[in-house]
Amino acid sequence: MARRITVTRRRNLPHWEAEEGTYFVTIRLIDSLPAFLGRLRKRALIEEALDAGYGSADLAKPAVARMVAEAIRHLHGRRYLLHSFSVMPNHVHIVFRTMPGFHSRAVLRDLKRFTAHEANAILHRDGPFWQADAYSHLIRDEKELQGANAYVLDNPAKANLRDWPWVEAFETDYYVKYEPEEE
């Protein structure tokens with residue numbers, strides 16, 4: 001069954017939403033990039049800078065990484081079907097398909113709110129933990145899903161993180177086809 005796509009704009013980024021949409025999402029720590037790199041628009045340069053491990057890299061701390069990974073797993077089957085995820089030292093990649101009645105932006109808002117609160121408690125601090133916005137790509141076909149999953153699962157090796165425990169694959173099947181928003 002085809003699902004209708006809608007586009008919203010928050011801050012400088014467009015966000016595509018679809019009922020039961022499949023998404024490749026990157027959320028990053030508040031200090032994951034120096035200010036001059038934070039203004040980059042080229043995805044490849046941003047990913048290269050993130051993989052360099054700038055900032056506090058609080059997600060490299062096992063207690064914080066474990067909590068974030070458990071929170072991501074907890075939502076599997078509740079708000080989304082998880083395809084893959086990797087918790088990197090200063091950012092997180094997640095590929096998921098929202099379940100009926102859930103929208104990606106609300107799922108991410110709740111995930112970020114919960115994990116920020118818990119991480120700050122673990123780290124004995126207050127203040128922002130995640131960047132306000134997230135990179136979100138609506139996956140439109142099986143080839144894109146395979147590419148997104150491969151990227152997520154290979155990211156620790158690409159960043160030279162050996163035996164990185166915070167990466168997992170789940171569902172591999174692609175389900176939903178989309179049609180453009182009606183004008």
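## A buried tyrosine

Tyr23 is buried, and its relative accessible area is 0%. Phe96 is buried as well, also with a relative accessible area of 0%. Both values fall under the 20% that marks a buried residue. The model they come from is a predicted one.

## Aromatic pairs

The structure contains six aromatic pairs. Tyr23 and Phe96 form one that is tilted, with 5.8 Å from centre to centre and 40° between the planes. Two values are given because a pair of aromatic rings is described by the distance of the centres and the angle of the planes.

## The chain as a whole

The chain has five helices and eight strands. Read from the N terminus, their order is β-β-β-α-α-α-β-β-α-β-α-β-β. The chain is made up of 183 residues, and 45% of them count as buried.

Contacts can be sorted by separation in sequence. Among those in the chain with a separation of 6 or more, 69% are between residues 24 or more positions apart. The accessible surface of the chain is about 9700 Å², and carbon and sulfur atoms account for 53% of that surface.

## Helix α5

Helix α5 covers residues 142–158, which makes 17 residues. From its first C-alpha to its last, α5 reaches 23 Å, close to the 24 Å expected at 1.5 Å a residue. At the start of the helix, a side-chain oxygen of Asp141 comes to within 3.2 Å of the backbone nitrogen of Lys143.

Where does α5 bend? The bend is at Val152 and amounts to about 30°; a proline, Pro156, follows within four residues. Val152 and Pro156 are both among the buried residues of α5, together with Leu145, Ala148, Asn149 and Asn155. After the helix comes Asn160, which has a positive phi, near 60°.

Terms used:
Residues numbered from 1 in each chain as written. Predicted model: local features only at pLDDT ≥ 70, side-chain atom pairs only at ≥ 80, totals over all residues. Heavy atoms only, no water. Helix = DSSP H or I, 4+ residues; strand = E, 2+ residues; numbered from the N terminus. Buried < 20%, exposed > 50% of the residue type's maximum accessible area, 1.4 Å probe, protein only. Contact = heavy atoms within 4.5 Å. Areas by Shrake-Rupley, 256 points an atom, 1.4 Å probe, with all protein chains shown as cover. Expected span 1.5 Å × (residues − 1). Bend = angle between axes of the 7 residues up to and from the residue. Polar contact = N/O pair within 3.5 Å; in protein donor to acceptor, adjacent residues only side chain to side chain. Phe/Tyr/Trp six-rings, centres within 6.5 Å; stacked < 30°, edge-to-face > 60°.
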